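Please read the following account with the sequence and the model side by side.

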Amino acid sequence: MNLRKYFKVYTKFLHTSFASELEYQTNIIIDLITAILSLIGSIFLLSIFFQDNGIIGGWEFEQALIIQGIYTILNGVTNTWFNPNLTEIVKHIREGTLDFVLLKPIDSQFFISLKKINPSGFLEIMLGIFLLLYCININEINLNLRFLTLCLFTIICSICILYSLWFFISTTTIWFVKTWNATEVLRSFLYIGRFPLDSFSLSLKIFFSIFIPIAFITTIPSEVFLGLYQLWKILLEASVAIIFLFTSRKFWLFALKFYSSASS
Amino acid sequence: MNSNFIKRKLFPLLKVQYSNMLEYRVEIALWAISGVIPFFMLNIWTNNNLNEAINISNIMLSRYFLCAFFVRQFSVVWVVFSFEEDSLMGKVSPYLIQPIHPFFRYFAQHLAEQITRFPFALIIAVIFFIFNPESLWIPDLVVLLLSAISTFLSFLIQFLIQSIVACLCFWTEKASSIERLLFIPTLFLSGLLAPVISFPAYVKSWIYLTPFPYLIDFPANLLSGNSTNVNRGFIMQILWILLLFPIFKKLWCAGTKKFTAMGS
């Protein structure tokens with residue numbers, strides 16, 4: 001794999017998709033307002049939960065805000081990269097344009113996953129970072145290099161898991177053709193990543209740790225933020241991320257064997 | 001609107017759309033599954049005993065969220081997304097020549113989808129009762145009828161709001177981002193994630209004037225047997241429909257005047 005070539009191709013991708021997205025400038029502003037409102041809405045919901053209880057599932061309100069911040073960042077990443085690209089797979093397969101992707105002298109997964117970008121997601125990521133900075137302030141967390149690297153590391157692992165989940169479901173399009181709404185199911189399940197996992201009952205906790213690893217996606221990074229982390233959890237998250245990435249890659253290559261192009 | 005119109009145009013349209021929807025059963029089942037968020041919310045509420053503060057027993061709350069799920073299932077609207085695609089693809093021009101208002105087509109599509117969705121929603125309800133047998137209840141016929149009417153009115157309100165947004169497609173290419181913006185208050189204020197009764201007083205003072213609590217909270221309370229102001233609910237629903245309909249009509253007239261067919 002020639003890294004420099006891929007890097008060069010990626011900058012071209014960025015350039016073209018930025019150019020096309022910036023055509024719709026008011027759209028970006030509306031998306032920003034949407035992101036801000038949805039953050040306000042979920043903080044409002046959280047405040048309803050906390051209005052008579054000081055602690056929910058072992059989390060205080062100020063601590064639960066960290067989960068919101070991390071969720072917002074991850075949602076921003078989803079909106080920037082995963083959503084515009086991976087919903088495109090469905091279109092590629094229905095219209096038979098996946099042939100053109102496969103014929104290109106470049107890795108198909110790379111092309112399909114990174115071709116497009118949606119700049120309004122950046123604003124959401126910024127919003128999440130601001131919220132996290134505010135949380136660091138109110139929770140009196142002292143910053144140091146070790147803390148920052150661990151945070152960054154766990155968030156990157158979360159992004160990898162999230163990407164694999166999205167990519168995995170989008171890949172099933174090769175058999176089912178219309179899985180556009182399967183991603184919608186994933187989206188609605190991921191929604192509960194906004195809340196501390198400990199606030200759910202045991203059966204749901206198990207479900208969301210094993211089948212849809214939301215526990216790994218938002219809860220572990222939040223624990224790292226609070227300094228409550230245990231090393232084995234971080235290692236577990238890293239290995240889950242690696243397993244997910246590896247399987248999604250293998251699954252894509254496996255699925256491609258079943259792809260018979262349009263009209264054949 | 002005479003009976004001839006219904007018999008000759010609306011009914012065949014409904015039949016065509018129904019067979020169309022039956023074709024994509026799995027897709028609709030997935031849509032139904034993606035609406036399970038109320039059950040996760042219920043889990044947070046009961047697992048942390050949050051309902052004690054608002055004086056609703058566990059059983060009544062679980063009925064409320066089940067009904068919220070049902071009402072949501074039968075008031076999902078996506079007319080903006082269909083209309084946006086049709087207008088971008090130039091499909092609106094042929095619809096405009098037909099001797100029926102194009103929105104009847106979308107209206108029939110939604111009704112047909114609801115009929116297709118009904119069995120899946122029932123299955124999910126049965127699964128819910130298997131896990132929570134104590135919350136099983138049978139509402140009497142009058143309540144069932146009234147709540148079906150109020151759910152339909154809620155659907156009409158949302159259909160009108162989205163149609164108004166859809167009319168903006170005549171002026172802008174991406175009206176769906178406005179819909180995504182409007183969806184945020186609908187999500188948080190309609191009672192889908194938390195019953196309106198639990199909202200803090202500063203929100204409750206004005207929320208009953210907006211259309212939001214009548215979208216899910218009112219029909220769900222009615223159906224589940226929780227206390228609600230029936231007269232006010234129906235009056236507000238009808239008032240909002242009467243208010244929104246002329247706006248839609250005006251915008252549609254202005255929009256079709258502005259509309260230029262593809263390639264002209």
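Read from the N terminus, the elements of chain A follow the order α-α-β-β-α-α-α-α-α-α-α-α-α-α, which comes to twelve helices and two strands; helices here are DSSP runs of H or I with at least four residues, strands are runs of E with at least two, and both are numbered from the N terminus. This is a predicted model, in which local features need pLDDT of at least 70 and side-chain atom pairs count only at pLDDT 80 or more, while totals for chains, interfaces and linings use all residues. Residues are numbered from 1 along each chain as its sequence is written, and chains are lettered from A and ligands numbered from 1 in the order in which they are written.

The C-alpha atoms of chain A fill a box of roughly 60 × 40 × 35 Å along the principal axes. Among contacts in chain A between residues at least 6 apart in sequence, 80% join residues at least 24 apart; a contact means that the C-beta atoms, placed from the backbone, lie within 7 Å.

Confidence can be read for the whole model and for chain B. The model scores ipTM 0.86 and pTM 0.89. Within chain B, helix H1 (residues 3-23) has the lowest confidence, at a mean of 82, and helix H8 (residues 141-167) the highest, at 94.

Where the chains meet, 28 residues of chain B are in contact with 31 residues of chain A. On the chain B side, helix H2 (25-33), H3 and H9 each give two or more residues, and H9(B) gives the most, with seven.

Helix H3 (residues 37-47) of chain B has among its buried residues B:Met41, B:Leu42 and B:Trp45. What covers the buried residues of H3(B) includes helix H2 (25-50) and helix H10 (202-210) of chain A, together with helix H4 (58-73) of chain B. After H3(B) comes B:Asn49, with a positive phi near 55 degrees.

In helix H9 (residues 176-189) of chain B lies B:Thr186, which is partly exposed because 18 other C-beta atoms lie within 10 Å. Leaving aside residues up to four places away in sequence, B:Thr186 touches B:Phe212 and B:Leu215.

Helix H7 (residues 102-131) of chain B has 30 residues and reaches 44 Å from its first C-alpha to its last, close to the 44 Å expected at 1.5 Å a residue, the expected span being 1.5 Å times one less than the number of residues. A kink of about 35 degrees lies at B:Arg117, shortly before the proline B:Pro119; the bend is the angle between axes fitted to the seven residues ending at a residue and the seven starting there. B:Arg117 is also one of the buried residues of H7(B), and these pack against H1, H2, H4, helix H5 (79-89) and H8 of chain B.

Terms used. Buried ≥ 20, exposed ≤ 12 C-beta atoms within 10 Å, placed from the backbone. Contact = placed C-beta atoms within 7 Å. pLDDT = per-residue confidence, 0-100.
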